[in-house]
Amino acid sequence: MATCDVCGRSENMPYHCRHCGGTFCGEHRLPESHNCPGLDNWNDPEGVFDSGFDDSVNNRGGGSSGWLSGLLDTGTGGPLGYFRGNMTFVFLGLMFITFALQFIVFPPLGSPPGSQLWNAVFVISPQHPEYVWTWFTSIFAHGGFFHLLVNGIVIYFFGRIVENYIGSRDFTLLFLGSGALAGLGQIGIEMFQGGITGALGASGAALAIMGVLTVLKPDLRVYLYFFIPVPIWLLTIGYVVISVSGALGGPGIAGVANVAHLVGLLIGLAYGRRVKGRKRMPNQLQFGGGRGGGGMGGPGRGRGPF
């Protein structure tokens, strides 16, 4: 049973709006019946909502012409249309591809983990902050499979909700921006303290996503260790306490970039306050791929302007 967000009627088979995320009865399932925010942003001659990955569905190809225009087409029929609503999956895929490069491709080529070339490609370090590419490659690189798995779980479950809320374009900027700034913050502290330890992993970006969701839906129930139900705000506070303690030299988890965690989380909390109130949030996590344009394997279709 579910309750209609408009009239409060209980429904056995409710309707879920793909744009605003609300739950409605049959009487209020249509966008115009529940005052869907998408109605205020309807400006699409081809009859689909703009997912927000590009500035406008009318601005295909970014002003390019010829074959380049077709290649850069982010419309629903263009090659880049498959990224609309799917950037969470794209980032997860890049994390696993990078992990394979780290531990399967590079070692046989004479560059095992910890070697000079391996570090220069995958690790943002205080010795070489000028290696700008590592600001981003280090986001997708990880120190081991468990490290990759934990970050992947957070990004998979939380990232899809945040991407649906703010749009693929802004989600991309949030993910890459928070990940890079978290890494730079970590090595900045290392440089200040005279340390030489580098950083890698998507933890900063993952915690930024969690920070956004904490502001948007603080009472969202998540399952710690998959079976302990806790509100997300409590989980966030726990991360803050552990990270601050570790950054100050107190009890913490060994080998964890605590400053990167804090930087990512603060960025997420600040950004969450900025975008809060744009649309409704789901009352629970939804398992499996998205619907319409939100899942893997299809261009973004049927979504609102986010």
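(Accessible areas come from the Shrake-Rupley method with a 1.4 Å probe, and for residues only the protein chains shown count as cover.)

A quick note before the close-ups. This is a predicted model, where local features need pLDDT of at least 70 and side-chain atom pairs count only at pLDDT 80 or more, while totals for chains, interfaces and linings use all residues. Residues are numbered from 1 along each chain as its sequence is written, and side-chain values use heavy atoms, with hydrogens and water left out.

**View 1. The whole chain, before zooming in.**
The chain has nine helices and six strands. (Both are DSSP runs numbered from the N terminus: helices are H or I with at least four residues, strands are E with at least two.) Of its 306 residues, 45% count as buried. (Buried means under 20% relative accessible area, exposed means over 50%, and partly exposed is in between, with a 1.4 Å probe and protein chains only.) Now look at contacts between residues at least 6 apart in sequence: 62% of them join residues at least 24 apart. (Contact means heavy atoms within 4.5 Å.)

**View 2. Helix α2 and what covers it.**
Follow α2 along residues 87–105. Its 19 residues should span 27 Å at 1.5 Å a residue, and the end C-alpha atoms are 25 Å apart, which agrees. (The expected span is 1.5 Å times one less than the number of residues.) Buried residues of α2 include M87, F91, M95 and Q102. Their cover includes α3 (116–122), α4 (134–140), α5 (145–166) and α6 (168–193). G93 also sits in α2, but G93 is partly exposed at 28% relative accessible area. Although G93 and G152 are 59 residues apart along the chain, their C-alpha atoms are separated by 9.6 Å.

**View 3. A nonpolar patch on the surface.**
Which residues form the nonpolar patch? They are L94, I97, L101, I104, V105 and L109, with about 550 Å² of accessible area together. (Patch residues have over 30% relative accessible area and no salt bridge; nonpolar side chains, meaning Val, Leu, Ile, Met, Phe, Trp or Tyr, are joined within 5 Å, and like charges within 9 Å.) L94 belongs to helix α2 and is partly exposed, with a relative accessible area of 34%.

**View 4. Helix α7, tucked inside.**
Helix α7 runs over residues 203–216, so to speak a 14-residue stretch, and reaches 20 Å from its first C-alpha to its last, close to the 20 Å expected at 1.5 Å a residue. Is α7 enclosed or open? 14 of its 14 residues are buried, so α7 is largely enclosed by the rest of the structure.

**View 5. S203 meets H261.**
S203 lies in helix α7 and is buried, at 13% relative accessible area. Not counting residues up to four places away in sequence, S203 touches H147, N151 and H261. H261 is in helix α9 (residues 258–275), and it is buried too, with a relative accessible area of 12%. Leaving aside neighbours within four places in sequence, the contacts of H261 are S203, L207, S243 and V256.

**View 6. Two salt bridges.**
Side chains of opposite charge can pair when their charged atoms come close. The count here comes to two salt bridges. (The rule: a side-chain nitrogen of Lys or Arg within 4 Å of a carboxyl oxygen of Asp or Glu.) One joins E27 and R9, at 3.2 Å from N to O. E27 lies in the loop between β4 (23–24) and α1 (66–71), and R9 in the loop between β1 (2–3) and β2 (10–11), so the pair ties together parts that are 18 residues apart in sequence. R9 counts as partly exposed, at 40% relative accessibility. R169 and D170 make another bridge, with their closest N and O atoms 3.6 Å apart. Here R169 is partly exposed at 29%, whereas D170 is buried at 19%.

**View 7. R18 and N164.**
R18 sits in the loop between β3 (15–16) and β4. With a relative accessible area of 44%, R18 is partly exposed. R18 and N164 are 146 residues apart in sequence, and their C-alpha atoms are 9.1 Å apart in space.
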